[in-house]
Protein chains: 2
Amino acid sequence: MPETSRLTPVAVMILATLREGDMHTYELVRLLKERRDDRLVPLQKGTIYHTVARLERDGLLAEVGVDRDGNRPERTTYTLRDAGHRAVEEWVRAELPQIDRSTDFRVALSEAHNLERDEVIDLLDRRRALLVASLDEHRTGLDRAAERETPDQFLIELQRQAALLDAEIAWQDSLRARLDDRSLAWGIAEIPDHIKKKHRVSKETTP
Amino acid sequence: MPETSRLTPVAVMILATLREGDMHTYELVRLLKERRDDRLVPLQKGTIYHTVARLERDGLLAEVGVDRDGNRPERTTYTLRDAGHRAVEEWVRAELPQIDRSTDFRVALSEAHNLERDEVIDLLDRRRALLVASLDEHRTGLDRAAERETPDQFLIELQRQAALLDAEIAWQDSLRARLDDRSLAWGIAEIPDHIKKKHRVSKETTP
DNA sequence: GGGCGTATAGTCCATGTGGACTAGTCGACA
DNA sequence: TGTCGACTAGTCCACATGGACTATACGCCC
């Protein structure tokens, strides 16, 4: 809990998934892949096992027993501790207003519903300022390059980045508007059952 | 040269920079940071030293002597070998048509001028197909979510990704047009001196 | 001319990641 | 009934990264 040296995106996804209920690691792996969460971050089994071990060592989650399904190998089930809950929220708070690590931002956005609407608006506003500043820098960079008659082929990536920054600002503004006028639903309570954890292990072995 | 287990973006940037002339590692570090190439990838000194060592071990670059500036510490100068040249080109060829690793793509785009214009057009066309396919997947994903009445707050990241994919396709189309009608300069020969390596070490110590 | 900060040039270790490997089990098919 | 492939559950090692640390030298201010 005390300054857990910055969580990785994988760690956050694991913690967030455990909010839906206790699980063993293999189920985590299956669930995350099935939901195509590897769209955000490459999810390798090795990484997930390691990360779970680290999270336990750091007290963000705890073992809640070992069960066994038929004659399959044993598996250790984990539960999210309070510190884990808080860690997710703090992480989102830290990553949402930031523009440098794009995958971190995407994960933070996916988990933004863990914070209150107004706080998210505030964090996104801060991010917007950074986006605008960055776009400005890119544009002055391009202007200076034009003065020096730098050939185009060395500016392509810069131009692309400027275009994408522009699109991102536009998109974020539309999101902000929907958050603001309440046309976008919010909160963690309203999750319909059928989109929650699918393929929950059908039979529980412990009584 | 034999399947150098996938170069990292940092490695490619180092190799590409060495095309401009032999350098010692510290100069690489300085030059890359001065050019703000850490805009693409975080560039840490440790990483760069390690990477140079690996590249030498793998035969992509070679030591060309140790020099010394006044009483400063010795420094080892490296030169790009043929295999290194080829490796950059092959890497760009592999990463340019791809959509999963976005920083790899950005680096590939920055170094695209190492390939011929027509080949780049071809690679980008292949990438476009993937972008369209991905956008489609995102849209059907959103449609299915709408049918199931999944609350908005769980779709934000998906919506953003769709918006950005759209912007990216538009941008890439404009690039393709400029490549096609030759309104965009191309080739590696046309680099004006003043945008090449700045702050070259003023005095060479070896005769 | 003594001291302080910054530049030079690099090493080293803790941490993270990914792919290969192990090893048993279940279902299906021939 | 044997075996072939896919699933379950996990371990292990090589590699990559980043930050802290070292150590000397130069410039500059007072």
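This is a short tour of a predicted two-chain model, one selection at a time.

**Before you start**

Residues are numbered from 1 along each chain as its sequence is written, while chains are lettered from A and ligands numbered from 1 in the order in which they are written. Because the model is predicted, local features need pLDDT of at least 70 and side-chain atom pairs count only at pLDDT 80 or more, whereas totals for chains, interfaces and linings use all residues.

**Stop 1: chain A as a whole**

Select chain A and colour it by secondary structure. You will find seven helices and three strands; helices (H or I, at least four residues) and strands (E, at least two) are DSSP runs, numbered from the N terminus. Walking along from that end, the order is α-β-α-α-β-β-α-α-α-α.

Chain A has 207 residues, and 25% of them count as buried. Here a residue is buried if 20 or more other C-beta atoms lie within 10 Å of its own, exposed if 12 or fewer, and partly exposed in between, with C-beta atoms placed from the backbone. Among contacts in chain A with a separation of 6 or more, 64% join residues 24 or more positions apart. Two residues are in contact if their C-beta atoms, placed from the backbone, lie within 7 Å.

**Stop 2: helix 5 of chain A**

Now select residues 102-110 of chain A, which form helix 5. Its buried residues are A:Asp104, A:Phe105, A:Val107, A:Ala108, A:Leu109 and A:Ser110. Show their surroundings, and you will see them packing against helix 1 (9-18) and helix 4 (82-95) of chain A, together with helix 7 of chain B.

**Stop 3: the sheet of chain B**

Move to chain B and pick out the strands. Three of them form an open antiparallel sheet in the order 1-3-2; two strands pair if DSSP finds at least two bridges between them. Strand 1 (23-24) and strand 2 (61-67) of chain B are the edge strands, each pairing on one side only. Between strand 1 and strand 3 (residues 75-80) of chain B there are two bridges, in the antiparallel sense. To see a bridge, select B:Met23 and its partner in strand 3, B:Tyr78.

Axes are lines fitted to C-alpha atoms, for helices over the stretch in contact, and angles run from 0 to 180 degrees between N-to-C directions.

**Stop 4: where the chains meet**

Show both chains. On the chain B side, 29 residues are in contact with 29 residues of chain A. Helix 5 (102-110) and helix 7 (156-180) of chain B each supply at least two residues of that side, and helix 7 gives the most, with nine. The chain B side divides into 15 nonpolar, six polar and eight charged residues. Ala, Val, Leu, Ile, Met, Phe, Trp, Tyr, Cys and Pro count as nonpolar, Asp, Glu, Lys and Arg as charged, and the others, Gly among them, as polar.

Zoom in on helix 7 (residues 156-180) of chain A and helix 5 of chain B, whose axes come within 8 Å and cross at roughly 135°. That makes helix 7 of chain A oblique to helix 5 of chain B, since angles under 35 degrees count as roughly parallel, over 145 as roughly antiparallel, 65 to 115 as roughly perpendicular and the rest as oblique. Select A:Ile156, A:Glu157 and A:Arg160, which meet B:Arg106, B:Leu109 and B:Ser110.

**Stop 5: the rotation axis**

How does chain B lie on chain A? A turn of 180° and a shift of 0.0 Å along the axis superpose them with an RMSD of 0.1 Å, which is the relation of a two-fold axis. Copies are superposed by least squares on the C-alpha atoms of residues with pLDDT of at least 70 in both. Select B:Ala167: of the residues of chain B, its C-alpha comes closest to the axis, at 3.1 Å.

**Stop 6: single residues of chain B**

Finish with B:Leu184, in the segment after helix 7 of chain B. With 17 C-beta neighbours inside 10 Å, B:Leu184 counts as partly exposed. Beyond its neighbours within four places in sequence, B:Leu184 is in contact with A:Asp152, A:Gln153, B:Arg178 and B:Leu179.
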